[in-house]
Amino acid sequence: MSLLRLDDVLVRKEGRTLLDLPSLDVREGEIHVVLGPTGAGKSTLLRVVNRLERPSRGSVRWRGGIVPWPAPLEFRRRMTMVFQSPLLFSGTTFENVAYGLRLRGEREEALAPKVDAMLRLFRIGHLAGQRASTLSGGEAQRAALARALVLRPELLLLDEPLAALDARIRERLLRELRQIVREGRITCLYVTHEQAEAFAVADRISILSEGRLLQVGTPEEVFYRPSGPAVAEFLQTSNILTGEVVAAGGGIAKVRIPGGTLSALSDLPPGSQVLVCVRPEEILLTPGAGTAAGAIEGTVTSVLDQGSTLKADVDCGFPLTALVTRRAAREVPLRAGTRVGVSVSPEAVHLIVKEGAAGSQT
Amino acid sequence: MTGIDEALGALLAMRQELLGILGLSLLVSGAAIVAAMAIGVPAGIFLGLHDFPGRRFLVTVVNTGMGLPPVVVGLVVFLLLARAGPLGGLELLYTPSAMIVAQVIIATPLVVGITLAAVQALDPRVHLQILSLGASRRQYWWKLVQEARLSLVAALAAGFGSIVSEVGAVMMVGGNIKGQTRVMTTAIVLETRQGNFTLAIALGVLLLALALALNWLFTSVQQRSKG
């Protein structure tokens with residue numbers, strides 16, 4: 001069931017379109033991640049949802065009913081937002097976490113156990129009496145999350161809540177946050193530009209770019225079946241080639257690309273003009289000339305060592321980029337000039353019908 | 001030492017009158033700063049939060065008002081309250097009320113200006129965060145006051161300092177009447193004119209001590225509430 005729905009929302013400022021959404025819905029109980037680069041309109045979207053910003057056009061529906069502008073206080077109190085920066089107020093950690101409950105007129109004796117429990121849940125119970133200004137970055141963000149969750153919001157809005165933390169703390173807090181939100185069955189609208197963060201928590205992902213919604217789907221759908229080249233590029237599908245379906249049958253399409261052919265799981269008819277997307281981690285490199293069925297030959301042109309993985313550019317008559325784990329790279333020596341076998345399974349090849357061309361995407 | 005002995009002697013000799021002058025100084029400037037804060041803080045928050053046609057002009061007026069010459073304020077209030085003036089019927093001229101009015105006009109722009117700067121200096125997301133946690137309009141304003149309180153104490157100190165030490169306006173609209181409108185600064189002017197330099201210096205030292213004590217109090221409050 002849709003908890004929140006935006007229809008035909010447009011936000012324009014100083015002649016620029018910041019957000020243009022025909023529709024977006026957040027279902028009850030889901031973690032809905034809005035993923036997009038900086039400047040995509042993600043924060044604007046959250047402000048519109050929280051009724052802190054009035055859109056130039058469009059409506060916000062809550063459980064089917066239109067929310068007026070200005071929104072009544074009771075509506076705004078159904079949700080709360082956590083920002084990238086903790087934005088703690090002066091006073092102690094306890095006072096910060098208690099702030100929203102005090103706004104709601106909660107009595108001190110009822111409020112204290114809730115605040116204490118939430119502080120313990122976020123592992124900062126021992127910091128309750130400490131001045132908020134003395135907390136570390138990670139502790140402060142835990143306090144900010146506790147301050148929001150102690151209100152038991154019907155919708156939790158998260159605006160890049162972990163982006164300012166270092167990688168180790170971010171991963172730990174992400175796991176804890178995911179567990180707390182799931183166990184509390186809290187509906188969450190989570191915006192981030194971090195792909196890994198999005199896939200770690202999302203039930204559904206919306207891809208937002210330049211204020212426009214490019215795709216909504218499960219992580220699996222968005223990852224393996226991007227709706228267009230912009231989504232594919234944003235999700236680091238390094239291999240996007242132009243091609244044409246030359247033969248089709250039995251659910252397999254043969255696609256001619258400059259310098260060779262690839263097979264893909266698709267029902268597109270011959271003659272379809274397509275973009276061929278292959279994720280770099282789906283490409284298997286084998287030593288020497290390809291022996292595996294369907295393998296093609298190529299020459300490594302450059303290698304980028306990324307620590308746990310190596311990124312190899314391979315010339316197969318057409319360019320491909322492969323991502324190889326360090327362990328796998330022990331068996332396939334990767335240096336510029338090395339001949340390798342290249343295997344791409346048809347399931348790993350996603351075809352997008354080029355705009356203006358007939359047919360449907362697979 | 002003779003000079004100091006003389007000064008102390010003079011102060012003791014007029015201690016009854018001196019207590020009256022000191023009390024009136026505190027009463028007039030205290031009432032004026034309370035009124036200036038009551039007007040200036042909400043006005044500063046409003047100007048800091050809202051954009052509307054004419055806002056820039058108002059901010060310019062406030063900034064100009066922060067450096068308003070007290071003697072000009074005194075002249076304007078005098079003309080307004082004079083018997084033939086538009087508010088002459090109130091018969092406030094040469095009363096402590098007239099002095100309070102003049103001092104409110106001097107202190108309010110300072111309070112508005114400092115409050116405005118304090119509100120604008122807050123991270124814009126703090127405003128969204130307060131509202132997002134479910135604050136009503138009134139709760140939101142109160143939280144802004146709490147978050148900007150260090151600057152507001154500075155506004156209080158600056159405003160009070162400017163009026164307790166000014167002489168031009170209170171002299172013009174109060175008239176320096178003994179036992180009625182004489183305050184510390186006008187008493188110093190009078191004693192200097194009469195050649196009682198020892199007493200004038202003693203009163204000056206007393207005024208400085210008063211300013212120091214009050215600012216010590218303000219600073220203590222400010223630093224205790226830090227963080």
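In the predicted model, Y94(B) sits in the loop between α4 (70-81) and α5 of chain B, where helices (H or I, at least four residues) and strands (E, at least two) are DSSP runs numbered from the N terminus. The phi of Y94(B) is near 65 degrees, a positive value in a residue other than glycine. Y94(B) is partly exposed, with a relative accessible area of 37%; buried means under 20% relative accessible area, exposed over 50%, and partly exposed in between (1.4 Å probe, protein chains only).

E14(A) is found in the loop between β1 (2-13) and β2 (16-27) of chain A, and counts as exposed at 85% relative accessibility. A cis peptide bond, with omega about -5 degrees, joins W69(A) and P70(A). P70(A) belongs to the loop between β5 (65-66) and α2 (73-76) of chain A. As background, most residues other than glycine have a negative phi, and most peptide bonds are trans.

Residues are numbered from 1 along each chain as its sequence is written, while chains are lettered from A and ligands numbered from 1 in the order in which they are written. Because the model is predicted, local features need pLDDT of at least 70 and side-chain atom pairs count only at pLDDT 80 or more, whereas totals for chains, interfaces and linings use all residues; side-chain values use heavy atoms, leaving out hydrogens and water.

Confidence comes next. Chain A averages a pLDDT (the predictor's confidence in each residue, from 0 to 100) of 91, and 96% of its residues score at least 70. Over residues 358-362 of chain A, pLDDT stays under 50, and the model has 15 contacts beyond four places in sequence for them, a contact being heavy atoms within 4.5 Å.

Grid points are joined across faces, edges and corners, and a volume is the space filled by probe spheres set on the points.

The largest pocket holds about 650 Å³ of space. Its lining has 20 residues, with L52(A), L128(B), L131(B), R137(B) and Y140(B) nearest the centre. From chain B, α2 (15-49), α5 (96-121), α6 (124-132) and α7 (137-147) each supply at least two lining residues, and α6(B) gives the most, four. By class, this lining has eleven nonpolar, five polar and four charged residues; Ala, Val, Leu, Ile, Met, Phe, Trp, Tyr, Cys and Pro count as nonpolar, Asp, Glu, Lys and Arg as charged, and the others, Gly among them, as polar.

The whole structure has one cavity of 30 Å³ or more, and the largest cavity has a volume of about 50 Å³. Residues lining the largest cavity include S25(B), Q103(B), E166(B) and M184(B). The largest share of that lining, three residues, comes from α2(B).

Finally, the structure holds zero disulfides over all chains, a disulfide being a pair of cysteine sulfur atoms within 2.5 Å. For C316(A), the nearest cysteine sulfur, that of C277(A), is 16 Å away. C316(A) counts as buried at 10% relative accessibility, and C188(A) is buried at 2%.

Notes: 1 Å grid on protein atoms, 1.4 Å probe; cavity = no way out; pocket = protein on both sides within 12 Å on 5 of 7 lines; lining within 4 Å.
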